[in-house]
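Here is a short report on one protein model. Have the sequence and the 3D view open as you read.

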Amino acid sequence: MSRAAGPPRRSVRTVALAFLAVVLLSAFLLFDTPPTGSWNGKLVLVPKGSPLPVVVGTLQEGGVLPHPLAFRALVLLTFSGRRLHYGEYAFPTPPSTFEAWRRLVRGDVIKYEVTVSPGANLYDVAELLEEKNLVAAETFLATAASPAVLRRLEIPGESVEGYLFPESYIFVKPVTPEEILEFMVRQFRRKVPPDAVMRAKEAGLSLHQVVTIASIIEKETGVEGEKPIVSAVIRNRLDLGMPLQMDPTVIYGVKRFDGTVTRKDLRTEGPYNTYLNRGLPPGPISNPGASALDAALTPSKAEYLFFVSNNDGSHTFSRTLPEHNRAVERFRRAAREDEE
């Protein structure tokens, strides 16, 4: 009578070894203790796409993994290798091996919030990113003007200025300047009205010109109700062939972002000097929000050609130069009274 064949010895040995490994790992985890000694808190950056050996080495070099073999075994026995998240991890207190593994599996990375305000320009955004230690400002600005990057993002200007949509963004290290730009430009594409290109064309403008107008509106007024009126002033001046004479464009051209503009600046030739040049500047001077973009597409029916600040955020709009001169004189008189 034939005897039934038993399981192959190799399979039995594999199961036995796996069982033994589980038992040993379980016993280790029961007595798993955090690193000892002084601890001032540690930051560890796990690179994107890191294989398990690199992850283990990174944690070890960061001083948060005293038992690398146990960590490897934990990852392999739980089949969690593909579930380990890259990013920057904070360890304010010494972690056990199990705690370090759990954090990477859950992806408890440090998240950096960057808020781009309406009217912020490319240089402001670069400074924000550098303050968060996400990317160097100089590298970000160079990438933002890279012809290859502009072609890939389908931006017709000399930089991404105007297309970094104002909003709060969350980034995780490591992140490249190109990834940040792509994320912000993608948000611009989502927020711009779907019929924007058609509406711009009907007005004899390109979308890039509309974004340029919106960027000027954003810098000229923070009063929502005035944005369509400022848009009308810009359109009316363009239609009449008048120079725009907008101070924010000159400020952008001379890179003096403290808001001051001098007589010398007004006389300095350059593509952004709308006192010397007629028409729109070559590109946006800031990153406009949704309301400014809408105002650029839908100006009011007002026939104004001039406006001057009321020194309180609002403006006085005028149809004729004599009206405007009277408004300017009122502004100057009020400014002198404030100084006294």
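## Basis

This is a predicted model, in which local features need pLDDT of at least 70, side-chain atom pairs count only at pLDDT 80 or more, and totals for chains, interfaces and linings use all residues. Residues are numbered from 1 along each chain as its sequence is written, and side-chain values use heavy atoms, with hydrogens and water left out.

## Helix α10

Helices are DSSP runs of H or I with at least four residues, numbered from the N terminus. Helix α10 covers residues 207–220, which is 14 residues. The expected span is 1.5 Å times one less than the number of residues.

Most of α10 is covered, with 12 of its 14 residues buried. Buried means under 20% relative accessible area, exposed over 50%, and partly exposed in between (1.4 Å probe, protein chains only). Among the buried residues are Leu 207, His 208, Ser 215 and Glu 218.

## Ser 286

Ser 286 sits in the loop between α13 (263–267) and α14 (290–297). Its relative accessibility is 0%, so Ser 286 counts as buried. The side chain of Ser 286 comes to 3.0 Å from the backbone oxygen of Ser 215.

Which residues does Ser 286 contact, leaving aside neighbours within four places in sequence? They are Gly 119, Ala 120, Asn 121, Glu 161, Gly 162, Ser 215, Glu 218 and Lys 219. Contact means heavy atoms within 4.5 Å.

## Salt bridges

Side chains of opposite charge can pair when their charged atoms come close. A salt bridge here is a side-chain nitrogen of Lys or Arg within 4 Å of a carboxyl oxygen of Asp or Glu. The count by this rule is 15.

Asp 108 pairs with Arg 106, with the closest N and O atoms 2.7 Å apart. Asp 108 is partly exposed at 33%, and Arg 106 is partly exposed at 48%. Arg 152 pairs with Glu 178, with closest N and O atoms 2.9 Å apart. This pair links distant parts of the chain: Arg 152 is in α7 (residues 147–153) and Glu 178 in α8 (residues 177–191), 26 residues apart.

Arg 333 and Glu 329 form a salt bridge at 4.0 Å, N to O. They are 4 residues apart in helix α15 (residues 321–339), so about one helical turn separates them. Elsewhere, salt bridges that share partners join Arg 152, Glu 178, Glu 182 and Arg 186 into one network.

Key
Helices (H or I, at least four residues) and strands (E, at least two) are DSSP runs, numbered from the N terminus. A polar contact is a pair of N or O atoms within 3.5 Å; within protein, one must be able to donate a hydrogen and the other to accept it, and residues adjacent in sequence count only if both atoms are side-chain atoms.
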